[in-house]
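Thanks for coming, everyone. Let me put the model up on the screen, and then I'll walk you through it.

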Amino acid sequence: MGQGFSPRGEKGRFVLPADFRSDIYTASANQRVLCLDKHPRLPCLTGFGLSRLDELAAEIDREEEKKLRLGLDFDRDMAEAQAYGFTRVSFDESGRFVLPEYLSELGQVEDGLYFHGGGRQITIWNPQILFEQGDGWASAKAGCRAKMAEAAKGKRK
């Protein structure tokens, strides 16, 4: 839960916002591990803790059962490749982590990242791409603008 913004820092690092840090730490069995991937539907990245692994197999099973019940094809190998293709990155006590270059490219990351709580996972946005989304994202857009303004104020001090 929560929101946060991180400008790209020294050595290309970003900071996992405090709103998420302890939840991800707890969800990763008290390890500072953030799982990252391209979101399967949205033009952003997604982040989650290692505990999400327990849910992935059950989700794939449900999707397979649903497709088969409807008489639709289901490619389990593809579903598993997509679900388990995430990368694990370490973050330090301050939340600093390095975003792998290929994810930076997939997420069209530029100078900053906006983090938005989404229940089981965090959506992680290039703010400019978020601002192009429809009205359903109005609250996230407003939150992003506010967090970016806070970060800009902090830089000027």
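Let's start with a detail: the charged end of arginine 145 sits over the ring of phenylalanine 131, at 4.4 Å from the ring's centre. A charge sitting over a ring means here that NZ of Lys or CZ of Arg is within 6 Å of the ring centre and within 35 degrees of the ring normal.

Before going on, a word on what you're looking at. This is a predicted model, where local features need pLDDT of at least 70 and side-chain atom pairs count only at pLDDT 80 or more, while totals for chains, interfaces and linings use all residues. Residues are numbered from 1 along each chain as its sequence is written, and side-chain values use heavy atoms, with hydrogens and water left out.

How confident is the predictor? pLDDT is its confidence in each residue, on a scale from 0 to 100. The protein chain averages 90, and 98% of the residues score at least 70.

Now the layout. The protein chain has six helices and eight strands; these are DSSP runs numbered from the N terminus, with helices being H or I of at least four residues and strands being E of at least two. Reading from the N terminus, the order is β-β-α-β-β-α-α-β-β-α-β-β-α-α. The C-alpha atoms fill a box of roughly 60 × 35 × 25 Å along the principal axes. A compact globule of 157 residues would have a radius of gyration near 15 Å, and the protein chain, at 17 Å, agrees with that. That radius is taken over C-alpha atoms, and the globule rule is 2.2 Å times the number of residues to the power 0.38.

On to the inside. Of the 157 residues, 38% are buried. Buried means under 20% relative accessible area, exposed means over 50%, and partly exposed is in between, using a 1.4 Å probe and protein chains only. A nonpolar core, for us, is a set of buried Ala, Val, Leu, Ile, Met, Phe, Trp, Tyr and Cys residues joined through side-chain atoms within 4.5 Å. The largest one has 17 residues, and the members touching the most others are Leu16, Leu34, Leu36, Phe97, Leu99, Leu113 and Phe115. Helix H1 (18-27) and strands S3 (33-38), S7 (112-117) and S8 (122-125) each supply at least two residues of this core. Apart from it lies another core, of nine residues, including Cys35, Leu56, Ile60 and Ala79.

What does leucine 16 touch, beyond its neighbours within four places in sequence? Its contacts, meaning heavy atoms within 4.5 Å, include Arg21, Ile24, Leu34, Phe91, Phe97, Phe115 and Ile122. Across the chain, 57% of the contacts with a separation of 6 or more are between residues 24 or more positions apart.

Next, the rings. Searching the whole structure turns up four aromatic pairs. Rings of Phe, Tyr and Trp (its six-membered ring) pair if their centres lie within 6.5 Å; planes under 30 degrees apart count as stacked, over 60 as edge-to-face, and the rest as tilted. One of the pairs is phenylalanine 14 with phenylalanine 97, tilted, at 6.4 Å centre to centre and 35° between the planes. Phenylalanine 14 is in strand S2 and phenylalanine 97 in strand S6, 83 residues apart, and both are buried.

Why is the pair of phenylalanine 48 and phenylalanine 86 edge-to-face? Because their planes are at 75°, with the ring centres 5.2 Å apart. Phenylalanine 48 belongs to strand S4, while phenylalanine 86 is in the loop between H3 and strand S5, 38 residues apart. Phenylalanine 48 counts as buried at 6% relative accessibility, and phenylalanine 86 is buried too, at 12%.

Methionine 1, before S1, is exposed at 74%, and Asp19, Phe20, Asp23 and Gly117 are the residues it touches beyond four places in sequence.

Terms used. pLDDT is the predictor's confidence in each residue, from 0 to 100.
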